[in-house]
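Please read it with the sequence and the model open beside you.

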Amino acid sequence: MATVTRTSVRPATHTPVHRRRPRRRPWGYTAIGALILAVMLFPVYWMVNVSLQPANTAVSTPWFPTHLNFDGYATALSQQGPNLLTSLLVAVGSVVFSLIIASPAAYALAHVDARWVGPVLFGILISQMVPGIVVANALYSAYNDVGLLNSIPGLILADSTAGIPFAILILRAFMGNIPASVIEAYALCCG
C-alpha cells in the first residue's frame with residue numbers, strides 16, 4: 001500500500017510591491033546646466049547682436065538690440081555673393097562625387113565575404129591619417145599636367161580625396177545593417 005504524504009500548502013501571501021519613485025535631480029544641477037549653456041551660447045548671441053547694429057557701433061552695442069539694421073548682411077551678400085555660390089557649388093559637387101564613388105565601395109565592403117576586405121578597410125583607415133599637405137603637393141603637379149589647376153572641377157576632385165575614404169567607412173557601417181531580406185526583395189523586384 002502506498003503511503004501518501006501530505007504537504008501543507010501555505011496560501012500565497014500578497015507582498016506589497018513597493019514602487020520606487022524616480023529620483024528627481026536637485027534643481028541645482030538644472031541651474032548649473034543652464035548657466036553653462038548660457039556661457040557657451042553668449043558669443044553666438046553677441047555676434048548676431050553686433051551684426052544687427054549699424055556700422056561702426058560694435059563698441060557701443062547695447063545688450064539687447066533696439067534698432068535692427070540688416071545693411072551689413074546686404075553688403076556681405078552683394079560683395080561676397082559669387083564667392084558663396086562657388087563655395088556652395090564645390091561643396092555640393094564634392095558630396096555628390098564622394099557618394100557616387102563611396103556608396104558602391106561601401107556596399108561591396110559590407111556584403112562581400114572575402115579575405116581582402118580587412119586589409120582594404122585598414123588601407124582606407126590609414127589613408128585618413130595622411131596629412132593633407134602631402135596630397136596637395138602630389139595633386140599640384142598632376143593638376144598642372146592635366147589642366148585642372150585653378151578650376152572648380154579640380155577643387156571638387158581635391159576635396160573628394162579626403163571625403164571618399166571617410167564616406168566609405170561611415171556608409172559601410174550603415175550598409176552592413178541593411179537586412180538581407182531587403183536586399184533579396186530588391187533583387188526579386190528590380191534586379
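1. S98 lies in helix α2, which covers residues 71–111, helices here being DSSP runs of H or I with at least four residues, numbered from the N terminus. At 8% relative accessibility, S98 counts as buried (under 20% relative accessible area, with a 1.4 Å probe and protein chains only). Once neighbours within four places in sequence are left aside, S98 is in contact with S160, G163 and I164, where contact means heavy atoms within 4.5 Å.

2. This is a predicted model, in which local features need pLDDT of at least 70 and side-chain atom pairs count only at pLDDT 80 or more, while totals for chains, interfaces and linings use all residues. Residues are numbered from 1 along each chain as its sequence is written, and side-chain values use heavy atoms, with hydrogens and water left out.

3. The protein chain has six helices and zero strands. Of its 191 residues, 13% count as buried.

4. Helix α3 (residues 117–127) packs with helix α5 (residues 152–175) at an angle of about 135°, their axes lying 9 Å apart; axes are lines fitted to C-alpha atoms over the stretch in contact, and angles run from 0 to 180 degrees between N-to-C directions.

5. On the α3 side, the contact is made by L121, I124, L125 and S127, and on the α5 side by P165, I168, L169 and R172.

Terms used. Helix = DSSP H or I, 4+ residues; strand = E, 2+ residues; numbered from the N terminus. Buried < 20%, exposed > 50% of the residue type's maximum accessible area, 1.4 Å probe, protein only.
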